[in-house]
Structure formats: C-alpha cells, structure tokens
Amino acid sequence: MQNVATANEVFITGLKNAHAMENQALSIMKPQLKRIEHYPEVAAQLDLHITETEGQIQRIEEILDRLSESASGLKDAALSASGAMAALSHTMASDEILKNSFANFAFEHFEIAAYTSLLTAGEESGAADLPLLRQNLDEELRMAEWLQDNLPAVTRSYSALSGSGERADV
Ligand code: MG
Ligand code: FE
C-alpha cells in the first residue's frame with residue numbers, strides 16, 4: 001500500500017504543478033496577444049491556444065476535484081507573476097515577435113514534457129481520467145508544431161516589414 005499512496009501523491013503534485021503551469025501560460029500569452037499589430041496569423045493562433053489553455057485548466061480542476069484535491073493557489077500566483085515577467089521581457093526588443101516565437105516554442109515543449117511525465121505518474125497510480133490529460137498533451141503538441149511550421153513565415157514577414165520601414169516588432 002505504501003507504493004500506491006506514494007504514486008498517487010506524485011500524480012496529485014504533478015496535477016497541481018500542471019495547473020500552475022497553465023496559469024503561467026495564460027499570463028505569457030495574453031499580454032503578447034494584446035500587443036500584436038502586424039502578425040494576424042500569430043494573433044489568431046495565440047487566441048485559439050488561450051481558449052484551449054482555459055479548457056486545459058478546467059480538465060485539470062475536474063481531475064483534482066474527483067480526487068478531492070484543489071489546485072495550489074500559492075504556486076499558481078507565483079508562476080503567473082513570473083509568466084507576466086516573461087511576457088514583458090521582450091517588449092523592448094526590436095525583434096519582439098521573433099523572441100516571443102522562440103520563447104513560446106520552448107514553453108510548449110516544457111508543457112509537452114510535463115504532460116508526458118504526468119501521464120506516466122497517472123498510469124503508475126492507476127488513475128482514471130488520463131484521456132483528459134492526453135487531450136491537453138495533444139493540444140500542446142499541435143501548438144508546438146504550429147509554432148515550428150510558422151516560424152519561417154513570421155521571419156519573412158518580420159524581414160519584409162523591417163525593410164519597408166514599417167513597425168515590425170509586434
Ligand atoms: Mg497548456
Ligand atoms: Fe500550451
């Protein structure tokens with residue numbers, strides 16, 4: 001029984017961390033979306049993924065509820081604050097859209113790693129509800145793929161806008 005309890009604790013901690021991670025994701029993406037002026041495809045994709053992320057948070061809360069656990073408010077607040085800082089950190093850069101594209105790509109891969117680990121912890125603890133987490137993982141994989149596929153187009157737009165003397169940073 002010792003091992004079952006421990007596996008369950010690992011899973012619950014992972015769920016709480018994932019909840020905080022998703023709030024951090026929102027605090028990174030929302031300020032970016034507000035600032036974008038010249039990259040409508042990026043804005044549309046951020047808008048879509050913000051909606052997906054809100055759904056991901058609901059799925060995690062659903063699982064925590066069924067386990068009679070609630071998300072950790074403190075860690076959420078701290079990570080959201082650091083997310084807001086991350087969103088601010090490229091606002092002085094003339095190539096803000098590119099730096100944000102790289103950072104978002106890295107963040108999606110952090111999420112992919114987190115859900116891969118969380119799904120394994122869930123399997124170890126014999127948890128139900130894993131299809132909900134696989135849905136979250138699939139959305140992160142799609143977002144990461146979109147960012148990768150779209151990076152050449154963003155770079156070409158950035159280059160063209162810069163060359164035409166228009167505002168290119170956002
Ligand atoms: Mg996410
Ligand atoms: Fe994501």
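1. Helices (H or I, at least four residues) and strands (E, at least two) are taken as DSSP runs and numbered from the N terminus. Just after helix H2, Ser 68 adopts a positive phi of about 55 degrees. Helix H2 itself covers residues 40-66, 27 residues in all, and spans 39 Å from its first C-alpha to its last, close to the 39 Å expected at 1.5 Å a residue, where the expected span is 1.5 Å times one less than the number of residues.

2. This is a predicted model, in which local features need pLDDT of at least 70 and side-chain atom pairs count only at pLDDT 80 or more, whereas totals for chains, interfaces and linings use all residues. Residues are numbered from 1 along each chain as its sequence is written, chains are lettered from A and ligands numbered from 1 in the order in which they are written, and side-chain values use heavy atoms, with hydrogens and water left out.

3. Glu 111 in helix H4 (residues 96-124) and Glu 140 in helix H5 (residues 130-163) are 29 residues apart, a pair that links distant parts of the chain. Both Glu 111 and Glu 140 are buried, a term for under 20% relative accessible area, with exposed meaning over 50% and partly exposed in between (1.4 Å probe, protein chains only).

4. A cavity is a set of points, on a 1 Å grid over the protein atoms alone, where a 1.4 Å probe fits but cannot get out, and lining residues have an atom within 4 Å of a point; grid points are joined across faces, edges and corners, and a volume is the space filled by probe spheres set on the points. By this rule there are 3 cavities of 30 Å³ or more, and the largest cavity holds about 90 Å³. Its lining has 15 residues, with Gln 32, Ile 36, Val 42, Leu 46 and Ile 97 nearest the centre of the largest cavity. Helix H4 gives the most to this lining, with 5 residues.

5. Helices H1 and H4 are the elements that give two or more residues to the lining of the second largest cavity.

6. Salt bridges, in which a side-chain nitrogen of Lys or Arg lies within 4 Å of a carboxyl oxygen of Asp or Glu, number 10. Glu 62 pairs with Arg 66 at 2.6 Å between the closest N and O atoms, and these two residues, 4 apart in helix H2, are separated by about one helical turn. Lys 99 and Asp 95 also meet in a salt bridge, at 2.6 Å from N to O; Lys 99 is partly exposed at 32%, whereas Asp 95 is buried at 18%.

7. Glu 123 and Arg 134 form a salt bridge with their closest N and O atoms 3.8 Å apart. Glu 123 lies in helix H4 and Arg 134 in helix H5, so this pair ties together parts that are 11 residues apart in sequence.

Notes:
On a 1 Å grid over the protein atoms alone, a cavity is a set of points where a 1.4 Å probe fits but cannot get out, and a pocket is an open set with protein on both sides within 12 Å along at least five of seven lines; lining residues have an atom within 4 Å of a point.
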